[in-house]
Amino acid sequence: MKLIDKPFFCVLPWIHLYTNPEGKMLPCCVADNSAPFPMMSEGEFPVLFNSKPMRELRQNMLNDIPSKTCNYCYKLEKYGTHSHRKHSNGKYLSHDNVLKIIENTNDDGTIDDINILYWDVRFSNVCNYKCRMCGSRYSTKWYEDADLLGWKTNPKDPTVSIANIKEFCDTNASYLKSIQYIYFAGGEPLVQPEHYEFLDWCIENNVDAELYYQSNGSILKYSKYNIFDLWSKFKRVTYSVSLDGLGAMGEYIRSGYNDAKVDNNLTKICEAFGSNEEITVNATFMAYNAFFATEFFDQMESKPWVMMSNVYTQLLIGPEHLQPKVLPVELKKQAIEKILNSKWYEKYPNKFESLLSNLKEESTPELWSKFKQYTSALDERRTENILNYFSELGPYYND
């Protein structure tokens, strides 16, 4: 049985758990959040791992049946890009894991011999940024803007996924001690106290996993903690910084971002690691920065803290009104031409395929109108103006 060739198969529901900032357990970080998966507080790892939604998802995957839960990856694959599903299969679907999946999966989708290799955990939605494509679910900084704009009524306090870190870890110690990969993202993990409590527990209990961070590059010290001291206790650390533009464009998209500060922090991380091999850049293409995709790569080329091969790109899937395809047709044509004629496309065509596919897709007047309304409302609230950063938009934006 060639699992990797199955059109809807993903290895993650057999080896992985994801915990979102509200404490919901999902098969991965891009799974449909509306699905009825359990909360982490409802039981130990084995109970969560064999919940009804997880069992049904495994059955669907083995029987070549698509699942709504996985629509995000299906959309990315439609654009010809490398989805989370394909990435995970390529990384974790070893010959041994294939045999374990076949041997240990019961007809009803349950797994008797649970071996969680990889845990992606978001301890809370505490964040020090309020990125334009984000919202209050993943950033406490968004609370005030969302309230004042009338978009959503938010709680005053952060959402927390695990109420008592030590109690949770002690209860699930046998599983945590065998985990090989732990992924932290936000909110911003390095400003969340639970993240440090968890690392302390791991160090005290000799959890020698590989750590992977998706961070915004803004902070290296928190309270009494120096992150380099903690990282030195683990097998390997990979640091991925989220950057969608440098300078003014970066600061416009990711409100709270400071170009000089992030550059200084990444230089320190590079020095602490001894090389730039474990630093990656995760860039998201959207309507705000798609026109400047090649310029972004030009800027990144001068940064000693990252290798260009370690600059990874992804297409913004939601909200749809911020996708590159909403731009005026003439600007989309110019953006496509710039990409196709650039040295970066010649060298790394795969980094631009999803963006090109989306730019070639037709949009609707409704999406363009929603883009303008959304952007104008945020600009007014934040005393900014998109045309100061994207002047080419002017003739169309004010029409």
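1. A salt bridge is taken here as a side-chain nitrogen of Lys or Arg within 4 Å of a carboxyl oxygen of Asp or Glu. By that criterion K68 and D32 form a salt bridge, with their closest N and O atoms 3.8 Å apart. The two residues are 36 positions apart: K68 sits in the loop between helix 3 (52-62) and helix 4 (71-78), and D32 in the loop between strand 2 (25-26) and helix 2 (45-49). Helices (H or I, at least four residues) and strands (E, at least two) are DSSP runs, numbered from the N terminus. K68 is exposed, at a relative accessible area of 56%; buried means under 20%, exposed over 50%, and partly exposed in between (1.4 Å probe, protein chains only).

2. On the basis of the note: this is a predicted model, in which local features need pLDDT of at least 70 and side-chain atom pairs count only at pLDDT 80 or more, while totals for chains, interfaces and linings use all residues. Residues are numbered from 1 along each chain as its sequence is written, and side-chain values use heavy atoms, with hydrogens and water left out.

3. The whole structure contains 21 salt bridges. One of them pairs E384 with R132 at 2.9 Å, N to O. E384 is in the loop between helix 18 (365-382) and helix 19 (394-397) and R132 in the loop between strand 4 (130-131) and helix 7 (142-148), so this contact ties together parts 252 residues apart in sequence. R132 is buried, with a relative accessible area of 0%, whereas E384 is partly exposed at 21%.

4. A salt bridge also joins the side chains of R236 and E278 (3.2 Å, N to O). R236 belongs to strand 9 (residues 236-242) and E278 to the loop between helix 13 (259-273) and strand 11 (279-285), so parts 42 residues apart in sequence are tied together. R236 counts as partly exposed because its relative accessibility is 39%.

5. C29 is in none, and its nearest cysteine sulfur, in C28, is 5.4 Å away. C131 is likewise in no disulfide; the sulfur of C134, the nearest from a cysteine, lies 6.0 Å away. C29 is partly exposed at 26% relative accessibility, while C131 is buried at 8%.

6. Two cis peptide bonds deserve a look. G186 and G187 are joined by one, with omega about 5°; G187 is in the loop between strand 5 (181-184) and helix 10 (193-204). G318 and P319 are joined by another, omega again being about 5°, and P319 falls in the loop between strand 12 (311-315) and helix 15 (329-340).

7. Most residues other than glycine have a negative phi, and most peptide bonds are trans. D64, not a glycine, has a positive phi of about 60°. This aspartate, D64, lies in the loop between helix 3 and helix 4 and is partly exposed, with a relative accessible area of 36%. T383 has a positive phi near 55°. T383 is in the loop between helix 18 and helix 19 and counts as exposed at 72% relative accessibility.

8. L26 is in strand 2 and is buried, at 2% relative accessibility. Its C-alpha atom is separated by 31 Å from that of L359, 333 residues apart from L26 along the chain.

Conventions
A disulfide is a pair of cysteine sulfur atoms within 2.5 Å.
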